[in-house]
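Reader: I have a model open and would like to learn how its annotated features should be read. Could we take them one at a time?

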Amino acid sequence: MTKPAIARVALDHLHAGTFDYLVAPGVHARPGQLVSVPFGRRQCIGIVCDVGEDSALPLERLKPLTTLCEAWPPLRPEWLALVGFAAGYYQRGIGEVALPAVPAGLRDPKRWARQQRSQRRYVATAAGRAALPGALPARASAQRRLAEALLAAPLAADALSSLHPRAAALLDDWQAAGWVGMVTEAASSDAVDQRLVANLVSEPVAEPVADAVTSASVARALASEAPAASIDRLPTLTDEQRAAVDAIAGASGFDAFLLHGITGSGKTEVYLRAVAHCLAQDADAQALLLVPEINLTPQFMGRLRARFAALGEHGVVALHSGLSEGERAANWLAAHQGRARIVIGTRLAALASFRKLSLLIVDEEHEAAYKQQEGLRYSARDLCVWRAKHLGVPVVLGSATPSLESWCHAEQGRYRRLVLSRRPAADTAALPTVRTVDLDAHKRQGRLSGDGLSSTLLDAMRERLARGEQSLLFLNRRGYAPVLSCDACGWVSECTHCSAYLVLHRGDGMLRCHHCSWQEAIPHACPSCGNIDLRPLGRGTQRIEAALAEVMPDARVLRIDADSTRRRGSAEALFADVHAGRVDVLIGTNMVAKGHDFQRVTLVGVLNADSALFSHDFRASERLFGQLMQVAGRAGRADLPGEVLIQTRYPHHPLYAALARHDYAGYARMLTNERRDAHLPPFIHQALLKAEARTLEGALAFLEDAAARFDTLDVAADGRVVRYAPVPLAMVKINDTYRAQLLLESASRQALHLALSAWRDTLGGHGVLRWAIEVDPLEI
Ligand code: ADP
Ligand code: ZN
Ligand code: ZN
């Protein structure tokens, strides 16, 4: 008697491994298949990770697999390896990683059945081919059309009704006569994919992209049917761009590139050429391009669709959380089945499934947005590097201000550095002049408005207005003012649920917490002493907007922040207004700093950047430098020179001085030395154990207990991992939940991971308390 097969199934359960299920005789379960299985009293969706013959449990205790998804090919071993790695590295259960990575719309047995039905195809048998042409009466023209269609190609079951109103019944008759057979194409997975791909790309193009001319011909060859006019006119690459493209195209197997290009140096063009080269190598090849924010996808999508018109609308797809569930499922499947040749997405796309992923690109690789802060706390950038290595394909990390981690990898030769040091039209699109504006001096001289705008900045903005150019004011704080206060008694607006101030929102008259959903009407008088003279402290974007309406009444002012773009699609509309020149002054938070190519902005004003200079967070200055370099890069991109004015109380701070010299490398070297001396990342590896509880005491007690357990572990004995004492977070309370954490540190990545996995097993469940391990935290 043959042994029954056992499927090891990953389920989305906290910190769990896989669960064993019996595979009934005749059922063909394969690794990577989605399944529906009984779990306790419920049915759960899982993923088969492995099929074997043994189980640690007695067979009679195992439940059978109930429903398997045959609607599309199983997830590939490469994908299973990726989620397996991520689970191990980030200390989570495999199912906690794997299942959320599959769009919810696809984790649905009803959909599997539906999709499978719609994938049934009727094909003419040999007997049918011989008999059908002569068997139909001459007058039955609709039947003839159906027969002709069937003889020409397999007929999709869901396309029948358009051919003949009784098509299904007729086909049943023909099937009974032995003229017609049925196939389900998805089950034979790759055969379908192959055909779809073959339809998209008329012929494989093998020639490497040697220069603009051949890459245009590649694009044309990819464009089997698209009219030639739809192909972008390709710019001639600069020498630096050329060298970068050649290096990426010349990579054989895994290679990690750090594309360090100043803002406006044409990194995007390098990405596009690298993608073109990759797709031209192989008719199945796929490329993934990650961007840090949903808002950046439309711009990129436009350029990709124009450049790769040949791939059709479905050949280039987006994957991010702003899509409807249906779109996301469809796009995910398109990538999984290989129909989508290019995927552009936010961090979640790093965990997408591909048929043949051949090139990975992470734009603005330094962005904190690539780090997921909830659930599986992964770094999408780091996973891309791992994935590229595992697949043996190139990965490109691009930035004007690389993360110190990536910078150090390049310094040590682990990543290959590609430098774009100039803008393509360097004579006209020069780098902006960066100057500091001394706030204290302006104040002494009475040249600072009550809303914190210096006369120097205002004059510069008025000049732009007179010339019909645009100004951008960068202030990374939304709302009107960060806090409302009473001078008489010292009351300040605080959230009762968080250790945070309530932010004043003038527009709708509310005090609002930016950390929980709490909001309340602005009080008419001080809740504590009754004083009616309450004062907003500090400035947010709304306040600057209001101030400008007074001092520059003729200017068309637009604010772009999370408040003004709450509705779906509204950010896109606002950015379109800027691009179309319907705006004179743009005020914005970090949302406007990244990636956007504003052709008419010639002045950037930076308000209130100083607070990050003296933060307790050692990464704050690295982030600030990146942000300011990005936002400065918005100035003077076309043929107009740009200027950046930074309002500050520390006009001689080294960070601003490096910025004025456009000297990222110098600044990075300085930071690197500081971090090395202080034993901080990337010279040391860190992990946090975070706890959340109803009381601070509860959270700390859990961590104290965890600390004691840690100290008894064998892996703790050699002292290679340093354990710090539990501490409350700087923002200790959010939404009535108290937060504390414990830091582990080691110079050895391996020692840290050994310790973490041994420790994790001792932590267990703790009722109302929530805990999580965060590996490589960005904020501590
Ligand atoms: P980055 O992403 O590095 O900030 P972009 O890719 O947005 O820069 O490029 C800046 C501008 O330069 C864009 O308008 C782009 O079309 C243009 N550009 C890029 N490469 C070239 C080139 N080789 N010749 C002329 N213009 C170019
Ligand atoms: Zn008061
Ligand atoms: Zn709150």
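Reader: What distance separates the centres of domain 3 and domain 5?

Author: Domain bounds come from an automatic or database domain assignment, and in this predicted model the centres of domain 3 (217-420) and domain 5 (685-775), taken over C-alpha atoms, are 36 Å apart. Local features need pLDDT of at least 70 and side-chain atom pairs count only at pLDDT 80 or more, whereas totals for chains, interfaces and linings use all residues. Residues are numbered from 1 along each chain as its sequence is written, with chains lettered from A and ligands numbered from 1 in the order in which they are written.

Reader: Which residues does UniProt list for "binding site"?

Author: UniProt positions follow the numbering used here, with shortened feature names, and annotations may be inferred rather than shown by experiment; the unreviewed entry lists Cys486, Cys489, Cys526 and Cys529. Although these are spread over 44 residues of sequence, they cluster in space, with a largest C-alpha distance of 8.6 Å.

Reader: Is Cys486 buried or exposed?

Author: A residue is buried if 20 or more other C-beta atoms, placed from the backbone, lie within 10 Å of its own, exposed if 12 or fewer, and partly exposed in between. Cys486 counts as buried because it has 21 such neighbours, whereas Cys489, with 12, counts as exposed.

Reader: Which residues is Cys489 in contact with, leaving aside its neighbours within four places in sequence?

Author: Contact requires that the C-beta atoms of two residues, placed from the backbone, lie within 7 Å; with those neighbours left aside, Cys489 is in contact with Cys526, Ser528, Cys529 and Asn531.
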